[in-house]
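Hello,

Here is the structure I promised to pass on. Please open it alongside this note; what I found comes after it.

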Amino acid sequence: MTMEERQSFYTQKGYQLRDHPAVTGAMEDYLEMICRQARAEGYARVGWLARRLNVRPSSASRMVGQLRALGLVSFERYGIVRPTEAGRKLGDYLLYRHDLLHRFFRWVNGTQDELEQVEQVEHYINETTLRNLEALMERLGAPH
């Protein structure tokens, strides 16, 4: 990417497509939830995913198909979804990002739950900023 392209202004969608052309914010939400459930149960099911994300099973199934096409999940009989190695690696980062932001917003706002704010912000923060935020929280003694 040229310096001129880096300094150009884009719409929010334009920034997402420029930086992560294959994986959208919605895909990240699905993969994060799949990986969260896979950590607990070893797999997720399409029906469970639809209920957790408040979408129709047909929408969840379509998104799982897109994630499968990108090589991020395997989709087996009876609606069983498992992250692939690549999906697990990305999912681990997505869960780290989510958990760190949730911890940060609870700390800053003195609350117990900041889920909605995290869900709205998490797709727009880059890894460098996230790592620096974590280091700052550690220096300032934020609780784990």
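Accessible areas here come from the Shrake-Rupley method with a 1.4 Å probe, and for residues only the protein chains shown count as cover. By that method the protein exposes about 9100 Å². Carbon and sulfur atoms supply 52% of this area.

The model is predicted, so local features need pLDDT of at least 70, side-chain atom pairs count only at pLDDT 80 or more, and totals for chains, interfaces and linings use all residues. Numbering starts from 1 along each chain as its sequence is written, and side-chain values use heavy atoms, with hydrogens and water left out.

The fold: 8 helices and 3 strands. These are DSSP runs numbered from the N terminus (helices: H or I, at least four residues; strands: E, at least two). The order along the sequence is α-α-α-β-α-α-β-β-α-α-α. Of the 144 residues, 36% are buried (under 20% relative accessible area, 1.4 Å probe, protein chains only).

Two histidines are worth a look.

His98 sits in helix 6 (residues 85–109). It counts as buried because its relative accessibility is 6%. Its side chain makes a polar contact of 3.1 Å with that of Glu122. A polar contact is a pair of N or O atoms within 3.5 Å; within protein, one must be able to donate a hydrogen and the other to accept it, and residues adjacent in sequence count only if both atoms are side-chain atoms.

His123 lies in the loop between helix 7 (115–121) and helix 8 (127–139). At 17% relative accessibility, His123 is buried too. Its side chain has polar contacts with the side chains of Glu28, at 2.6 Å, and Asp29, at 2.9 Å.

Best wishes

Terms used: Buried means under 20% relative accessible area, exposed over 50%, partly exposed in between (1.4 Å probe, protein chains only).
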